[in-house]
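Hi everyone, thanks for coming. Please have a look at the structure on the screen, and I'll walk you through a few parts of it.

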Amino acid sequence: MLMGLFNHWVVIALMMIGLYIVIAHGNLIKKIVGLTLFQTSVFIFYISMAKVNGGTAPILADDIIQYSNPLPHVLILTAIVVGIATTALALSLVVRIKETYGSIEEENIQDQDNQTFEQSNSQKDSKQEKQA
Amino acid sequence: MNLSLELMLQLAIVVPFLAVVAILVTGHNPNLREGVTIAACLILIYLVVNLYQGLALGATISVLWWELLPGLTISFNIEPLGILFALIASFLWLVTTCYAIGYMRSHQEKNQTRFYLCFALAISAVMAIAFAANLFTLFVFYEVLTLSTYPLVTHAGTEKAQKGGRVYLGILLSTSIVFFLLAIVSTWFVAGTLDFKLGGIFSADVDKTLAGILLVLFVFGIGKAAIMPFHRWLPAAMVAPTPVSALLHAVAVVKAGVFTILKVCIFIFGLDLLSVLPTTQFLLYLAGASVLLASLVAMRQDNLKARLAYSTVSQLGYITLGALLATPSGVIGSSMHIVIHAFGKITLFFCAGAILVTLHKSKISEMRGIGRQMPLTMLAFFIASLSIIGVPPAGGTWSKWFLMMGTIETEQWVLMVILMLSTLLNIAYLLPISFHAFFPDLIPNKNQPNKCSNKAATSINKQPAIGITEAPLPSLIAIVITTLGCLILFIYPQPLFELATAVLTNRE
Amino acid sequence: MDIVINISSGLCLFVGSFLCLSGGVGMLRFPDFYTRMHAAGVTDTLGSAMILIGLMIISTGFLVFIKLVMILLLGMLIGPTTSHVLAKAALHNGLEPQLGHEDADNKETTSSNP
Amino acid sequence: MINIVILTLLVVIAIAIIRMKDLFAVVMLLGIYGLLSASFFVAMDAVDVAFTEAAVGAGISTLLMLVVISMTGRREITTRHKPFSALFVVAITGFLLIYGTLDMPYFGSADAPIHGHVAPRYINDSMQEIGIPNIVTSVLASYRAFDTFGEVVVIFTAGIGVLALLSVVRRPEDPEQIAVINDSMHERHLVIRIIAKILIPFILLFALYVQFHGDFGPGGGFQAGVIFAAAIILYTMLFGLSTARRVINQSLIRLVAATGVLLYGSVGLATLLSGGNFFDYNVLANDPIAGQHLGIALIELGVGCTVAVVIIIIFFNFAARREMQLNNKKQHQDKKNKESSSC
Amino acid sequence: MIAHLPALQVHLPVLQVIIPLMAAPICLILKRAHPVWLFALITSGLAFVISVLLLQQVMTSGVISYELGGWQAPWGIEYRIDKLNAFVLLIITSISTIVLFAAQTSIEKEIPKSKHTFFYILYLLSLTGMLGIVATGDAFNVFVFLEISSLSAYALIAMGKDRRALWAAYQYLIMGTIGATFILIGIGLMYQMTGTLNMEDLSQRLPEVAQTRTVFTAFAFVIVGVCLKLALFPLHLWLPNAYAYAPSIVTAFFAATATKVAIYLLIRFTFTIFGLSFSFTTIPLQTLFMALGLAGIFIASTSAIYQKNIKLLFAYSSIAQIGYMIVGFSISSVTGLTATLLHMFNHALMKSAIFLALGAVMYRLGNVQLSSFHGLGRQMPFTMAAIVIGGLSLIGVPLTVGFVSKWYLLLALLEQGWWPVAVLILLGSVLAVIYVWRLVEVAYFKEPLSDQVPVKEAPMFFIIPIWTLIIANIYFGIDTRLSVQVAQAAAMSLFGVTP
């Protein structure tokens, strides 16, 4: 069992490291790195389940009888593309966030939002008071 | 005109609604607008009276508008209780409109178009409630009524009015959503239908506990009946202009509430089932407590309208109590009390409004000796008080009588005592007002020196009887009509009584 | 014949691997950025070349052979260039070639400088 | 054996990524992570995936991240505000997954359900049905062509998204200024420019090879597109954005991006109008196998076009944004200098 | 080509997705914003027609299966249209078309001119993604189209005027990607145990291995992933800001459709793929979802009460409404599911109307702070009336659609004898009364602030779609035959009950 599942466990550990980075870190780029790590590890998981001991790459040749399963490969090809698309979009968001907030740290951004929120509220309130 | 009764029934609901549109269109011209309103009133009365006659001839009329879900319909029919309610509502709409014209103009209220508009909408909803053939239809228009009266309550637009409006809407909507709707859905689930049927729609072997819980849900859910824990909206709605209060308290809203309770008791549960439910007793005592407590609270109110409001809470308790007694006498008493209380209370409110408009007084302690300035008004107030108390020569006598009969029939001695006590309390909080108005010197008022900050009050004490200044003419006419109504109901209660007895007779 | 091929190929592979390993050791042991980079750059170029040659010797088909040749050419071109660019970038960003502990922060490359 | 070594290395790198504060190093490590996982994929017989992962994980995504870092700064400020809640979530997820593995078929076992149900048909029959040795390409481009279409649309979406977020209206450039910049860059990047000039044609050639050789070996439209884009990006980095833009017309490449998707979709529509189901290439030619070949070639072309162009668009927009920021900063400084001098 | 047109009838399932998909790149070629808008509108309208045809076809002749590429189901990708997804397709396309009608006017003031074309393209792509998720019968294909719709959603949300839109979009991206990756893991585990990705095939092969821990984990991951997309409490944190700061059109579109698609996925996975007995008996899903749904209703409604930004207010209200759908779902009876499906439809109608109306307010006033609504009832009577009717529908006042779904939900709860839950549901409506009424009070019973410039009623391009939706709100509240019939049929087919 240990040998049979060891691969999976390591991959799970990798996934969890990625997930941990996403959740625990406040830097927006680091989060994206974590996300990529997470996704890449899931890809590894898929690919390792396609492996057949003694098989070869699924490219048909005359003298080979055992092939690894091609279907997960196809799925992961698609998933990789999805991954890079997500990363690109996330990065462009980060660029814009940096431009408007001047920071890429989660805490900092949230502080700024809360401040503007309170400010606008207090402004509105004072306006109403004046009205009254 | 030879309109079919079915058409008339629908017209009775649609005419006030059309009036809404007409009022909206003619809003810029006050005379035209009010003319439209009165015309609509008259048409409505004509229709309802025709329907009444049709019913008397034994016609059964029912109209199906729409089937929402299979078996769940918006449909209407007529039966005596509904006619009773429709009659009183349509008639008092006319009267209130008359009164409102005088009141609103002399008070120079803003947004008068909105006022008449919502008023007409509310009456439309009331008509629909009166003729509702099933609980669902009733519920729908019950909500319409709540929503359409909200702008009336907050009419003044002040902070206080809005607060009152919030309480009003909050209590009415939440009780109706949480309890009433739940009760309706459960009824639908248990009985499979919501159609009103004499003798109830539950099968005989229904789980008594379940039905008992349902009854409680209904009584609590119909917040408009203002049973004690959910009565707060009524005093809160006092911020509204007086015609609105009159409408709320006498015609539309509270009466819709108790009307619904009566309908539920008679046509959903049926008296037989009602008398054996485990929770009926509890609710009876709750209604009794509501009667007594509200009267006690009323005594402590100095604001006339607030006192009248608590008086209404207490009187509504009577009606609920009568319905829950589950005997013919109780039901007859309740039905009659709907009408009689309507006349009495609307008169009282009209008077209160008249005093406010002409003398700008709203506190009872300031009203000493006003009988000399407004003799007619205060006389009307006196007669209406008698009707509420339930002594001759006013109509209240009869309904009290039947309610008492009901308690005796069912041997609910505690409740009988409560009724007696509350009559005494009624005397204690209503009669002094008219007495003081006419005989200011009879009882020395100790509070007077402390409270003489109001200039008008002091001026009257110094210069008594500067002449008669009555309310504006339309208002005065309205007051006189309703007062006469109180008296006539004593002298000639026969049609009312017949209608009320017919409620329980099976026409099929 | 087979033995000769195998042995020569093995030799090449061994030398290549050793070179790569020594480059790795150099990466860790050398004192500053330039020397480390030097170690890695020089040994890797030769090391990978040796490994590729070793593989060429035992390659079966012509296509494989050609592919390996292409990779070799590419490696020969890219390895030195990369080292050059790295060193240049470091110098450009003000990292003096000196002994002492490294300052990782100044490792700027042209890749971030389009 | 090799896979355990690679996995261990991956874990080491992942932990290093957690601990590093320097984003530059983090991104480089991520690139290495991608490359290593690509090696792992090779060890797992997934050559196509390895190819893609190497191009994307180690190549493009690293590149994009570096560009962004050059705009946003490279230090992560030390704040760790919720490590415990994160650990909690991660622990639960991790344990659930490990719990889930307990009933899994063992790694590499040939009798696992996935090797018994759907896949055998691909392996056994794809030669007769499609006639292409690379099973992955058969599945990708024919059996599950619609997934691949979705994939193309995803990348197209990302391109449009980046355009919507980052595109800037560029002022007409002063050719003299460009020339000046170019000269200074030329001096700085002499060696690498020359090497790149040698390499770029080969890279482009290689891209074409990958594009059309995908039927027989690892490769295909996506990998080819990425490689093609990489060549253009290399050119852009060395010769400047303005020069590159003169080579590659912006509105034209947007058109190409759209055409790629349309080409892919049109193949489907063509099959539809020829009386087959969507993407049923058999109806494209008289001979089903020829039809399959034609269909696959066409859609691979569509994929290649879209991917290459979208990646170029994404890179160009990042770079243009960066340029704009730099210009703004410079103008800002100029203004400040002027003000201080006039004072 | 004309000769083939009747034959296209067979291809409707794929055309449903392909038409908006192909339209997106064409928009890029068209380039100029105005024709692009017209083109997108026509495309969406066409998709709507197709979905109507599909629904008709499904209702009369049962499940449609369409094999893409002509490959048989477990080997190729299958499109499988049954009553459930035909219904959801109809919701998506109808709302999309109506909302798109107002788009041109709305984005005029919210998005820079140069980005209008991209906006429409992303809108169409997002529509494509949702349609693809719903139409497909292949688990992995769901993931691909989920990503199409999500990516375009992130970009669309980030196009909002306020800078917080960017931050909201980023948060949504992170949460959404985690969710999608979880779904990917779940699909992977399912695949590993069965060897297939086709939903129909999965549903047949999963029971054999239902007792394994792997399948349990797969289920957990799929459900958590879907719930992230669904914004089910407590995974809802991304939603309020995303909806509040996105461009108005986007909010109107997503609030009405995106969460519905996620609920569709939830139903699809639990009912069709894993099967009723596994989802509800092996796993304590019922209690869990009931609790989460109720918590969502109360916590979100309470937060809504305290919001000063009206879009934020209704965004929280959306979370609460999702709670209702989840409660209906967790009952796992035909009536409960009918209630959920009905509420999906009804909520789409009311929320899109409300958010479009807020878009109109945004168009005139530039913001949707509560204080800006002072006296707006007079200045923009049609818009405000629409918000009020929509709000009443949220509360569940009779004769609006909200009542119908609440009615079924209560019936379903009573069927099970869950009285306390029924009471809680109704209490939730009371909370809705409060938050709706705060707005009504300000709009109708407060005088405009003195420094507020009087505004005109919104342009026709707003009024027409808003009131189309509002009339639909009332119409389907009165004539419930169509919606109830379809929802009931869909629910029955999921339970395998024949009517």
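I'll go through the chains one by one, starting with how to read the model.

This is a predicted model, in which local features need pLDDT of at least 70, side-chain atom pairs count only at pLDDT 80 or more, and totals for chains, interfaces and linings use all residues. Residues are numbered from 1 along each chain as its sequence is written, while chains are lettered from A and ligands numbered from 1 in the order in which they are written.

Let's begin with chain D. It has been divided into domain 1, residues 1-104, and domain 2, residues 141-343, with bounds that come from an automatic or database domain assignment. How far apart are the C-alpha centres of domain 1 and domain 2 of chain D? They lie 26 Å apart. Where these two domains of chain D meet, domain 1 gives 14 residues and domain 2 gives 15 residues; two residues are in contact if their C-beta atoms, placed from the backbone, lie within 7 Å. On the domain 1 side there are ten nonpolar residues, three polar and one charged. Here Ala, Val, Leu, Ile, Met, Phe, Trp, Tyr, Cys and Pro count as nonpolar, Asp, Glu, Lys and Arg as charged, and the others, Gly among them, as polar.

Chain D also touches chain A, with 85 residues from chain D and 66 residues from chain A taking part. Which element gives the largest share of chain D's side? That is helix 3 of chain D (residues 47-72), with 15 residues. Helices (H or I, at least four residues) and strands (E, at least two) are DSSP runs, numbered from the N terminus. In total, chain D's side has 56 nonpolar, 19 polar and ten charged residues.

Next, chain C: three helices and zero strands. Of its 114 residues, 19% are buried, meaning that 20 or more other C-beta atoms, placed from the backbone, lie within 10 Å of the residue's own.

Finally, chain B. Its mean pLDDT is 81, and 92% of its residues reach 70 or more; pLDDT is the predictor's confidence in each residue, from 0 to 100.

V63(B) sits opposite F76(B) of strand 2.

Terms used: A residue is buried if 20 or more other C-beta atoms lie within 10 Å of its own, exposed if 12 or fewer, and partly exposed in between; C-beta atoms are placed from the backbone. Two strands pair if DSSP finds at least two bridges between them.
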